[in-house]
Amino acid sequence: MFFALSKGMPANPVPSSSAAIEVVGLTKRYGPGKPAVDNISLSIARGSYCCLLGPSGCGKSTMLRMIAGHETVTEGDVLLDNRNITTLPAAQRGTAMMFQSFALFPHLSALDNVAFSLKMKGVDKGQRHEQARSLLERVAMGHLQERKPGELSGGQQQRVALARALITEPRVLLLDEPLSALDPFLRIQMRAELRRWQKELGLTFIHVTHSQEEAMALADTMVVMNHGRIEQHGVPHEIYNRPANEFVARFMGGHNVIDLPSGKVGVRTDQIDVLDAGEPVPIGMQTKPAVVTDVEYQGTYVLLGFQNPGVARTAQTTAELSVMLAESQFAKRPFAVGEPVQLTWSPNAEHPLHP
Ligand code: ADP
Ligand code: MG
């Protein structure tokens, strides 16, 4: 077997550090003004699924492209398995890229799509087809190798794209919004499959997305970015439950940002209770008067929106605070738009948001 794909069998010896990718002081300037990527340092563990998450324009693709070697670095270094690859050409780095909607060649068979990069390298037909076939079998697509992408389902296309990326024996697979052009149903199916393949192959995946839901579903670790910088780096439940600052709390969703005399705090939307105005508030609970502005049925939950009393409601007003009530709880006391209420929560549900 000329091809070592599976766990623990890389083509080159694996160094001792547990980081697959390290970036140190990485900066990209396209011109004068604020850099697109601003002095980022980050270590990504070998064999992990890492998601780079953030709003459009925050520098995710630039970061990924510098790791891939598709973009020059202004300052800083990129290390793969402890080797400095900052100035190496893309093909010599040990990374491979998977693009939006998989970007398969429509006129080529699955087999020729997978074999394509070997053809570019001048590998003869027999050998490149043999390697491509063994990879297609690896992703359970051996029986469909002669099909063109248009004759394959979305899931099958994703597996061909995966095999195509893996044929260069990468140590790190880089994925730039691979699911964002798919319809919502397929997107959820495909992300489960990506996650399964990553674990099965034991490879390091770095996946760029602007969807916090997608990142939380996929990631072992998440890096939340904004304006070319890291806002927070950690495991999904930690970032969701303990957003470090107001940006992360608002971007992740599911949180209220509340101003207290001590500063801003985050409180999860499912940890606030709604009482009628004038109802006694249990001792020790925080409380805030509010008026219902929105009632949105969401299946198992009802999402209620609130404004401070006295704020005139217009078509433009957005809810200042939101509360998720279990449907069964809402059924007992169905609050309506315009009703005055009190919101209460335990101080234990608050976590400080750093400026
Ligand atoms: P994201 O992938 O998070 O949406 P990008 O990395 O594509 O963000 O872009 C980050 C910033 O860099 C944006 O302001 C974008 O306009 C700018 N940018 C990206 N690519 C180029 C380029 N080739 N030339 C000039 N500016 C660019
Ligand atoms: Mg992008």
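I looked up Lys264 and found that this residue forms a salt bridge with Glu246, the closest N and O atoms being 3.6 Å apart; a salt bridge is a side-chain nitrogen of Lys or Arg within 4 Å of a carboxyl oxygen of Asp or Glu. Lys264 lies in strand S12 (residues 263-268) and Glu246 in helix H8, so the pair ties together parts that are 18 residues apart in sequence. I took helices (H or I, at least four residues) and strands (E, at least two) as DSSP runs, numbered from the N terminus.

I note that this is a predicted model, in which local features need pLDDT of at least 70 and side-chain atom pairs count only at pLDDT 80 or more, while totals for chains, interfaces and linings use all residues. Residues are numbered from 1 along each chain as its sequence is written, chains are lettered from A and ligands numbered from 1 in the order in which they are written, and side-chain values use heavy atoms, with hydrogens and water left out.

I next followed Glu246 to Arg250, where the side chains meet in a salt bridge (2.9 Å, N to O). I recorded Arg250 as exposed at 52% relative accessibility, whereas Glu246 is partly exposed at 25%. Here buried means under 20% relative accessible area, exposed over 50%, and partly exposed in between (1.4 Å probe, protein chains only). Lys264, at 30%, is also partly exposed.

I then traced a network of salt bridges that links Glu246, Arg250, Asp259 and Lys264. For the structure I noted 17 salt bridges, including one between Arg333 and Glu339 with the closest N and O atoms 2.5 Å apart.
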